[in-house]
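Here are my notes on the model, point by point. Have the coordinates open while you read.

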Amino acid sequence: MQEKSKFGSLCVHELKDKRTTKPHQLPIYATSSFEFENINQGIDIFSGKAEGHVYGRYGNPTIEVVAEKIARLEAFDLDVEAHCILTSSGMSAISTLAMATLKNGDKILTQGNLYGGTTELFVKTLQPFGVETIMTDLKDLNQVESLIKNDPSIRMVYFETPANPSLACVDIEALADIAKRHNRLSAIDNTFCTPYLQQPFRFGVDFIIHSTTKYLNGHGNSIAGAIIGKDISFMKEKIWQVLKLVGTNCNPWDAWLINNGIKTLELRMDRHCSNAMAIANFLESKDQVLKVNYNGLFSHEDHELAKKQMKDFGGMLSFELKGGIETGINFMNKIRFCTLAPTLGDVDTLILHPASMSHLNIPKEVRERNGITDGLIRLSVGVENVEDIIGDLEQAMG
Ligand SMILES: Cc1ncc(COP(=O)(O)O)c(C=O)c1O
């Protein structure tokens, strides 16, 4: 900036950065590009001789600090090095991973009860590009191994555990082992657990996906996602290249919101878990309830597996009210304290009646095959005082 420029130019140009001491909290670098000190620095950065930021779609210091935090949490206390890339949503984390690892003719082996958006991405969006999806019962490990052995085009085993709405678990270690023995990739969506409750790298998985929109942010004010991998050069070259060319990058504001959320991750997850356990016990004691799906209950069919791979049982549960669709709707109409919202992992308790909300347009027999019965209620248990949540559920059942 020349000392004596015109008024309009003074308005336009940035003045010298006034930073003297280091900010205590992570700054938001709200800039779409980065300037070079001189032409030589520009040449060195563009040619890869020197490190440096160039353009916001390629990288941004705010985003990279948060990505490193998530990579360290997923690798915490493990003998692995991990690299994380933040994306614009959980869905863009999954699609970026798919574009970087799969090609025309490859197949994904997965389960039928993935998050609905992921199933649609695989079936509706990837299929026309020649990537096929095979859905099977991933609990049947013999079947998984035989499918992989007999079909060399299966490139990736992709799974979620625990999964909606039954909180069914699959064996991470066994699936990662089968994939590895047959030289295939394994990837897990760890959104429900966060690295505090479950560290899939401990069990040999290649890639971890997060919708950070949920528990990592935790406050319902950001949409973003993450891909974490142990093959650092693959992450820094192939995944990053797809991210930058398809433009699935996160933005600094959302990264900053995730950073704020992560500060209280341990505190929040402990409270989510203890509240959910108390609510599951309460629901199991009620005559109006046919079944409670919570991994922490001895009655859950995957209780032992969940105990093996999770530190605690999480904040998600579902339960089935006796009676049909009317009972479900009446119950939801009486809810006063919990929030009727179709997301999960926020600090407040979120309640959903899938048959009349998220799955309204899905034929009854199809949704029931996936455990979504007329009386099923899904609860993302928050961190409020548990007596208030239980009180609301109790009055709505009365
Ligand atoms: C388990 C799981 N994975 C991925 C996603 C997609 O994440 P996003 O909405 O951040 O794109 C969701 C969204 O609900 C989810 O529940």
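This is a predicted model: local features need pLDDT of at least 70, side-chain atom pairs count only at pLDDT 80 or more; totals for chains, interfaces and linings use all residues.

1. A word on terms before anything else: helices (H or I, at least four residues) and strands (E, at least two) are DSSP runs, numbered from the N terminus.

2. Residues are numbered from 1 along each chain as its sequence is written, and side-chain values use heavy atoms, with hydrogens and water left out.

3. The peptide bond from Asn164 to Pro165 is cis, with omega near -20°. Pro162 also sits between strand 4 and helix 7, and a cis peptide bond joins Thr161 to it, with omega about -5°. For context, most peptide bonds are trans, and most residues other than glycine have a negative phi.

4. Leu167 belongs to this loop too. Its phi is positive, near 60°, in a residue other than glycine. Is Leu167 buried or exposed? It is buried, at a relative accessible area of 2%; here buried means under 20% relative accessible area, exposed over 50%, and partly exposed in between (1.4 Å probe, protein chains only).

5. Asp77 is another non-glycine residue with a positive phi, about 65°. You'll find it in the loop between helix 3 (61-74) and strand 1 (83-87). Asp77 is exposed, with a relative accessible area of 69%.

6. Now helix 7 itself, residues 172-181: Ile172, Ala174, Leu175, Ala176, Ile178 and Ala179 are buried. What covers them? The cover includes helix 6 (141-150), strand 4 (154-160), strand 5 (185-189) and helix 12 (303-309), with contact meaning heavy atoms within 4.5 Å.

7. Look at both ends of helix 7 as well. At its start, a side-chain oxygen of Asp171 comes within 3.2 Å of the backbone nitrogen of Glu173. Such a polar contact is a pair of N or O atoms within 3.5 Å; within protein, one must be able to donate a hydrogen and the other to accept it, and residues adjacent in sequence count only if both atoms are side-chain atoms. Just after helix 7, Asn183 has a positive phi of about 60°.

8. Last one: Phe46, in helix 2 (residues 39-46). Phe46 is exposed, with a relative accessible area of 60%. Leaving aside residues up to four places away in sequence, Phe46 touches Phe36 and Val54.
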